[in-house]
Amino acid sequence: MTTHTQEISMDVLAAMAERRSVRGFKSTPVPKETLQKILALAGRSASFTNTQPWEVAVVTGQTRDLLSQKLMDAAVGGVRGHSEVPYPKHWPEAAAERSKTHNINRFAALGIARDDTEKRETLRLRNFEFFGAPCAMFIFMDQEYGPWSTMDIGIFLQSIALAAVGHGLGTCFQASLSNYPEIVKEALGVPEHKKLLVGLSIGHPDPDAPLNAYHSSRMALDEFTSWHD
């Protein structure tokens, strides 16, 4: 007989296998109750000495539209972004190669040539439209927290993604949404001492969106694992 615990375990395993970055959403609104359930589950995430450093601003409706426009205006207007979490200046060689291959394959899947700067720019700007998602979330952390807490935030983010899959939704974590922290904080009334780490889009995946047809590759188990008996 299959127990309730076993059923839940299978649901978790399925969500882990199905989770992916969605870059095309339907406009169908996500009920607030569903978002509350997802965040409540994510709030069960592990954290260093139970500090639970995460803070979330959920953006929908008119606020979502106004913030999207402000971010788009900044991006189109050439305002230089400056994330409060510095971007990596370089990667280890193997990681740099994976990143390069990922970008090549993604653009190829969309039929965008390497020198087609106009289409590449259009794709970049879709970030600030939340890829059509009806809801965006912005993740903050008090500036007094340190590196250990950013690892906690990573666990929290993965929990959001898995819980979203369980509710038939998709997510996309977007570094681009952290490029204009002043705009986001002003629009949402967030104090300056709260550090904007990342933004994400969440909603019902659009199966007809071209970008959703692309699937990124993953390292083989033996590439990142060593066994010590």
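**The salt bridges**

Reply: Lys194 has a relative accessibility of 14% and counts as buried (buried means under 20% relative accessible area, exposed over 50%, and partly exposed in between, with a 1.4 Å probe and protein chains only). This is a predicted model, in which local features need pLDDT of at least 70, side-chain atom pairs count only at pLDDT 80 or more, and totals for chains, interfaces and linings use all residues. Residues are numbered from 1 along each chain as its sequence is written, and side-chain values use heavy atoms, leaving out hydrogens and water.

The side chain of Lys194 forms a salt bridge with that of Glu55, at 2.9 Å from N to O (a salt bridge is a side-chain nitrogen of Lys or Arg within 4 Å of a carboxyl oxygen of Asp or Glu). This pair links distant parts of the chain, 139 residues apart: Lys194 is in strand β4 (residues 194–203) and Glu55 in strand β1 (residues 55–60). Helices (H or I, at least four residues) and strands (E, at least two) are DSSP runs, numbered from the N terminus. Glu55, at 32% relative accessibility, is partly exposed. Together with Asp142, Glu55 and Lys194 are linked in a network of salt bridges.

Another salt bridge joins Lys185 and Glu84, also with an N to O distance of 2.9 Å. Lys185 lies in helix α7 (residues 181–188) and Glu84 in the loop between α3 (61–76) and α4 (93–109), so the pair ties together parts 101 residues apart in sequence. Lys185 is buried, at 3% relative accessibility, while Glu84 is partly exposed, at 24%.

By this rule, the count is seven salt bridges.
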